[in-house]
Each structure stands twice: as C-alpha cells, then as structure tokens.
Amino acid sequence: MRVVSAVMLCAATILVGPGAVTAAGSAPATATTGAVVESAVPARTTGPPGPRVYERRVVRHTNRQRRAHDRRTLKRSSCLNRYAQRAANRIAANGRLVHQDLKPVLRACGGWKVGENIAYGYRWPRHVVRAWMDSPGHRANILERRYRRIGVGVRRDSRGVVWVSQVFAYRR
C-alpha cells in the first residue's frame, strides 16, 4: 500500500527601514509505505494532536533546531500568537497559502524585524518543522540569530487539513 500526500510551504521576512521582503515556496511530496505487523497488543491508533498541543510542539521542535544550530531558544509571544492564529484561520478559510502583511505585526508587537513561515497538509508538528528546515527560506527564518520571540497558529479546515503559521520577531 502506498500513500502519497502533497504539502505546501511558504516563508516571508520583512525588515523595518531599508530592507527587503523575501518569499520562498516549495511543494515537497512525501511517501510512506505501510506494512502488516502481527502483534498480541492492539495497534495504537492516535490522531494528530489538537491545535494547542500542535502549537506547543511546533515551538518545541523549532527550538530544538535552533539549539542544534547554536541559536538561542525562542519565547512564545501572545501578540505574535494572535497574528499567527489570524493567518492560520485566513489561509485555511481561503484554501491558499498567502502571507499576511507583516507591517501591522511590527507595529502591534513592537518588533524591528519579523518573519513568517506558513504551511498546510502536515498532520504532525515535527514533520512541518522538518519540511521548513529542508527549505532555504523557511530555514533562514527558523535559524535567524536575532529572533527572540515566536507565535504559532494552527487551524484544521472542514476536510481535516492542518494549516500552520509561524511568526518570528525581535525587538529594537
């Protein structure tokens, strides 16, 4: 049995003042194979975590990547969480990966530089972080040395597809 799932990713960064807005996107495909295993114990059938657990795990896996690359860990920000959740709600409702305007995030959350990673189709937090790390633009956002804060938003649409937004910032 072969199961193939397509997923999408997007990354954006904005700087205040004379800076640049960058975006990168990719559509990696992953494949898994299933095998029959006989056991006296029933197979564990768990679904993906709920949105709040998913968000916490995305932060945890992101910080693991940062530590592995000698970066400071990020602290969760309620302000960034609000913007990340709004973005996740919007992209899930529209069914398209489109970045939010990051200038209001700068003003509202008091940042100097902000970045955003968005994705859909990843049921598990570690898989979305791994996919972002495999993409140069997303990886750059995750490993940006100056970022100190993070917000994550997660939304499941009516078909059960997971939409994720990750917003980063650092203060002046």
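Modeller: Let us begin with a charge and a ring: Arg 86 lies over the face of Tyr 83, at 4.9 Å from the ring centre. A charge is said to sit over a ring if NZ of Lys or CZ of Arg is within 6 Å of the ring centre and within 35 degrees of the ring normal. The model is predicted, so local features need pLDDT of at least 70 and side-chain atom pairs count only at pLDDT 80 or more, whereas totals for chains, interfaces and linings use all residues. Residues are numbered from 1 along each chain as its sequence is written, and side-chain values use heavy atoms, with hydrogens and water left out.

Tyr 83 leads us to a cysteine. Leaving aside neighbours within four places in sequence, Cys 109 is in contact (heavy atoms within 4.5 Å) with Cys 79, Leu 80, Tyr 83, Arg 149 and Arg 171. Cys 109 belongs to helix H3 (residues 103–109); helices (H or I, at least four residues) and strands (E, at least two) are DSSP runs, numbered from the N terminus. From C-alpha to C-alpha, Cys 109 and Tyr 170 are 9.3 Å apart in space, although 61 residues separate them in sequence.

One of these contacts is a covalent link. A disulfide is a pair of cysteine sulfur atoms within 2.5 Å, and by this rule the count comes to 1. The disulfide joins Cys 79 to Cys 109, with an S to S distance of 2.0 Å. The torsion about its S-S bond is about -85°, so the disulfide is left-handed. Because Cys 79 lies in helix H2 (residues 78–94) and Cys 109 in helix H3, the pair ties together parts that are 30 residues apart in sequence. Both cysteines are buried, where buried means under 20% relative accessible area, exposed over 50% and partly exposed in between (1.4 Å probe, protein chains only). For Cys 109, the relative accessible area is 4%.

We now turn to the strands. Two strands pair if DSSP finds at least two bridges between them. Strand E5 (residues 75–76) runs parallel to E7, and 2 bridges join them; Arg 76 has Ile 150 in E7 as its bridge partner. E7 and E8 run antiparallel, joined by 8 bridges, and Arg 155 stands opposite Trp 163 in E8. These two strands form a hairpin with 5 residues between them, and Gly 160 in the turn has a positive phi of about 90°. E6 is also antiparallel to E8, with 9 bridges, one of which involves Ile 118 and its partner in E8, Ser 165. Since 6 of the 8 residues of E7 are buried, E7 is largely enclosed by the rest of the structure.

Rings of Phe, Tyr and Trp (its six-membered ring) pair if their centres lie within 6.5 Å; planes under 30 degrees apart count as stacked, over 60 as edge-to-face and the rest as tilted. A search of the whole structure finds 2 aromatic pairs. Tyr 120 and Trp 163 are stacked, at 4.5 Å centre to centre and 20° between the planes. This pair links distant parts of the chain, with Tyr 120 in strand E6 (residues 111–120) and Trp 163 in strand E8 (residues 162–171), 43 residues apart. Tyr 120 is partly exposed at 24% relative accessible area, whereas Trp 163 is buried at 1%. Tyr 147 and Phe 168 have ring centres 5.3 Å apart and planes at 10°, so they too are stacked. Tyr 147 lies in the loop between helix H5 (136–143) and strand E7 (149–156) and Phe 168 in E8, so this pair ties together parts that are 21 residues apart in sequence. Both Tyr 147 and Phe 168 are buried.

Finally, we consider the interior. A nonpolar core is a set of buried Ala, Val, Leu, Ile, Met, Phe, Trp, Tyr and Cys residues joined through side-chain atoms within 4.5 Å. The largest core has 21 residues, of which Tyr 54, Val 58, Val 128, Trp 132, Val 152 and Val 164 touch the most other members. Helix H1 (51–68), helix H4 (125–133), H5, E7 and E8 each give two or more residues to this core; the largest share, 5 residues, comes from H4. Apart from this core lies another, of 11 residues, among them Cys 79, Leu 80, Val 114 and Val 167.
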